[in-house]
Amino acid sequence: MSNVPIDCDRPPRVSVILPVYNSERYLAEAIESILSQTFEDFELWIGDDCSSDRSLAILQTYAAQDARIHVLANPTNLGVSATRNRLQAQAQGEFIAVMDADDIALPDRFSQQVSFLHDHPEVVCVGGNHALIDAEGRLLTYLALPPDNEAIQQSALAGHGSICHPCAMMRRSTLQEIGGYDESLKSALDLDLWLRLGEVGHLANLQTVVLHYRLHAHSISETRSTEQRHNARRVCERAWQRRGIEGKFEAGYAWRPTADPESQHHFMLKYGWWAFNSRQRQTALVYGWRAIKLRPFQTDGWILLGCAIAKPMPSLEEP
């Protein structure tokens, strides 16, 4: 790890905010992906929310080796929204880059996003396309999100995640203007943020992959799937009222598996076919077997497994 010199006479261009709670398994990889950015003019603010594992010790080790890293240890468990607000209150950069403790930022993410925001002063937040990986880091699929403000806003008003939260870079002044994250929300806080940001400026997504987003059983989205849908509807209804429009909520489905075996079977098939269509034969085999174990007498898992074993791989176009 290199020690990057700090110019104490001016603030960094980008402030990265990274909340952490019991994330020791993936934390080093997430931090390394930030430290490996081609754009080096940043500070990294990390908040440990009373982790009971080795997360805080890992953070302290990194902070001792790189002067750009600052660690805040919450006195009590505050939750992710309050932790993000605590971090962004310390930030000095022109832009705020969001990061999660289990994801991997690609090396040119910051350089692309800073350049875009510089060239588009009307845009207050920019995200990007991303790859979905599983708990072991295996590729599942690539997701392309709507690029322009109108499409992003229409999608968000219907309850869809039109910007991937850990892909986002925002203008710090605008985030302060709208009051930061809503601390009453334990989930769907990102959707609420896009809707409020979209009322004071434009939103955008880069059409290049900027991050690997990890799906695993302990993530907030997966453990709070039902609550997330409820809160998503709630924040949409508030946005409709603020904007004086009649909206329609479309995202009434779970986008991550719940504890129900049928839901888990459905998503094992989904992940398996994603992997197959991404030319990841071994990963498709893994999820085919998992689907079969959950529902051995249903044919769809066996079909996935058979295709993963014998069928030619489809062509792949990365977004």
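**Close-up views of a predicted model**

**Figure 1. Arg290 and Tyr287 in a charge-over-ring arrangement.** The charged end of Arg290 lies over the ring of Tyr287, at 4.9 Å from the ring centre. The structure shown here and in the following views is a predicted model. Tyr287 also belongs to an aromatic cluster, whose other members are Phe267, Tyr271 and Trp274.

**Figure 2. Aromatic pairing of Phe42 with Phe110.** Six aromatic pairs are counted in the model under the ring-centre criterion of 6.5 Å. Phe42 and Phe110 form an edge-to-face pair, with 5.8 Å from centre to centre and 75 degrees between the planes. This pair links distant parts of the chain, since Phe42 is in strand β2 (residues 42–48) and Phe110 in helix α4 (residues 109–119), 68 residues apart. Phe42 has a relative accessibility of 3% and therefore counts as buried. Phe110, at 0% relative accessibility, is likewise classed as buried.

**Figure 3. The stacked pair of Tyr271 and Trp274.** The ring centres of Tyr271 and Trp274 are 5.7 Å apart and the planes meet at 20 degrees, so the pair is classed as stacked; the cut-off for this class is under 30 degrees. Tyr271 and Trp274 are three residues apart in helix α10 (residues 261–277) and are therefore separated by about one helical turn. Tyr271 counts as buried because its relative accessibility is 5%. Trp274, by contrast, has a relative accessibility of 22% and so counts as partly exposed.

**Figure 4. Helix α10 and the residue Arg279 just after the helix.** Helix α10 comprises 17 residues and spans 24 Å from its first C-alpha to its last, close to the 24 Å expected at 1.5 Å a residue. The buried residues of α10 are Ser263, His265, Phe267, Met268, Leu269, Tyr271, Gly272, Ala275 and Phe276. Of these, Phe267 and Tyr271 are members of the aromatic cluster that also holds Trp274 and Tyr287. Just after α10, Arg279 adopts a positive phi of about 65 degrees.

**Figure 5. Strand β6 and its pairing with strands β9 and β8.** Strand β6 (residues 123–133) is mostly covered, with eleven of its eleven residues buried. Strand β6 runs parallel to strand β9 (residues 202–214), and ten bridges join the two. In this pairing, Cys125 stands opposite Leu203 of β9. With strand β8 (residues 169–171), β6 pairs in the antiparallel sense over two bridges. Val126 has Met169 in β8 as its bridge partner.

**Figure 6. The hairpin of strands β6 and β7.** Strands β6 and β7 (residues 139–143) run antiparallel and are joined by four bridges. Five residues lie between the strands of the hairpin, and Gly137 takes a positive phi near 85 degrees.

Figure 7. The side chains of Asn85 and Glu183 are joined by a polar contact of 2.9 Å. When residues up to four places away in sequence are not counted, Asn85 touches Gly180, Tyr181 and Glu183.

Key
Residues are numbered from 1 along each chain as its sequence is written. This is a predicted model: local features need pLDDT of at least 70, side-chain atom pairs count only at pLDDT 80 or more; totals for chains, interfaces and linings use all residues. Side-chain values use heavy atoms; hydrogens and water are left out. Rings of Phe, Tyr and Trp (its six-membered ring) pair if their centres lie within 6.5 Å; planes under 30 degrees apart count as stacked, over 60 as edge-to-face and the rest as tilted. Buried means under 20% relative accessible area, exposed over 50%, partly exposed in between (1.4 Å probe, protein chains only). A charge sits over a ring if NZ of Lys or CZ of Arg is within 6 Å of the ring centre and within 35 degrees of the ring normal. The expected span of a helix is 1.5 Å times one less than its number of residues. Two strands pair if DSSP finds at least two bridges between them. A polar contact is a pair of N or O atoms within 3.5 Å; within protein, one must be able to donate a hydrogen and the other to accept it, and residues adjacent in sequence count only if both atoms are side-chain atoms. Contact means heavy atoms within 4.5 Å.
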